[in-house]
Amino acid sequence: MSEIENQQQVEANQIITLTDDEGREHEFEVLDLLEIEEKNYAILMPADSEDGEASILRLEKDEDGNDILVTIEDDEEWEKVAETYDTLLFEEQGGNDEDL
């Protein structure tokens, strides 16, 4: 689980600071938020990333109603979210079935 510094709600296109399990802070840009099968997910890009690799975390609420980001442990769940995001990117770039 990652805590979101000074945040109550995660929104697309914002920069958030996450604290990892070892207490280190990392900045991420929220690229997109997805809802799949009644669960919410955040697609994040490290603010200092040059390799362009995004991370996917599940968005949940803590006991105070604040957003928390949770690592997806289930490979099938992670793949489903990754495929959905890839499809959205493909459609946004004007792709069609002939390009596959």
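**Charges on the surface and their partners**

Modeller: This is a predicted model, and on its surface E25, E27, D48, E50, D51 and E53 gather in a patch of negative charge.

Colleague: What makes this patch one of negative charge?

Modeller: The residues in the patch are E25, E27, D48, E50, D51 and E53, and Asp and Glu count as negative, so the patch is called negative.

Colleague: Why does E25 count as exposed?

Modeller: E25, which has its place in strand β3 (residues 25-36), has a relative accessibility of 51%, and because exposed means over 50%, E25 counts as exposed.

Colleague: Why is the contact between R24 and E22 called a salt bridge?

Modeller: The side chains of R24 and E22 meet at 3.0 Å, N to O, and a salt bridge asks for a side-chain nitrogen of Lys or Arg within 4 Å of a carboxyl oxygen of Asp or Glu, so the pair qualifies. In general, side chains of opposite charge can pair when their charged atoms come close.

Colleague: Why is R24 called partly exposed, and E22 exposed?

Modeller: R24 has a relative accessible area of 47%, which lies between the cut-offs of 20% and 50%, and R24 is therefore partly exposed. E22, with 63%, is over the 50% that exposed requires, so E22 is called exposed.

Colleague: What makes the contact of E37 and K80 a salt bridge, and which parts of the chain does the pair link?

Modeller: The side chains of E37 and K80 meet at 2.9 Å, N to O, and because the limit is 4 Å, the contact counts as a salt bridge. The pair links distant parts of the chain, with E37 in the loop between β3 and β4 and K80 in helix α1 (residues 75-92), 43 residues apart.

Colleague: D67 and K61 also meet in a salt bridge; is D67 buried or exposed?

Modeller: Their side chains meet at 2.6 Å, N to O, and D67 has a relative accessible area of 5%, which is under 20%, so D67 is buried. K61, in contrast, has 53%, and because that is over 50%, K61 is exposed.

Key: Residues numbered from 1 in each chain as written. Predicted model: local features only at pLDDT ≥ 70, side-chain atom pairs only at ≥ 80, totals over all residues. Heavy atoms only, no water. Patch = residues over 30% accessible without salt bridge, like charges linked within 9 Å, V, L, I, M, F, W, Y side chains within 5 Å. Areas by Shrake-Rupley, 256 points an atom, 1.4 Å probe, with all protein chains shown as cover. Charge placed at Lys NZ, Arg CZ, Asp CG, Glu CD. Helix = DSSP H or I, 4+ residues; strand = E, 2+ residues; numbered from the N terminus. Buried < 20%, exposed > 50% of the residue type's maximum accessible area, 1.4 Å probe, protein only.
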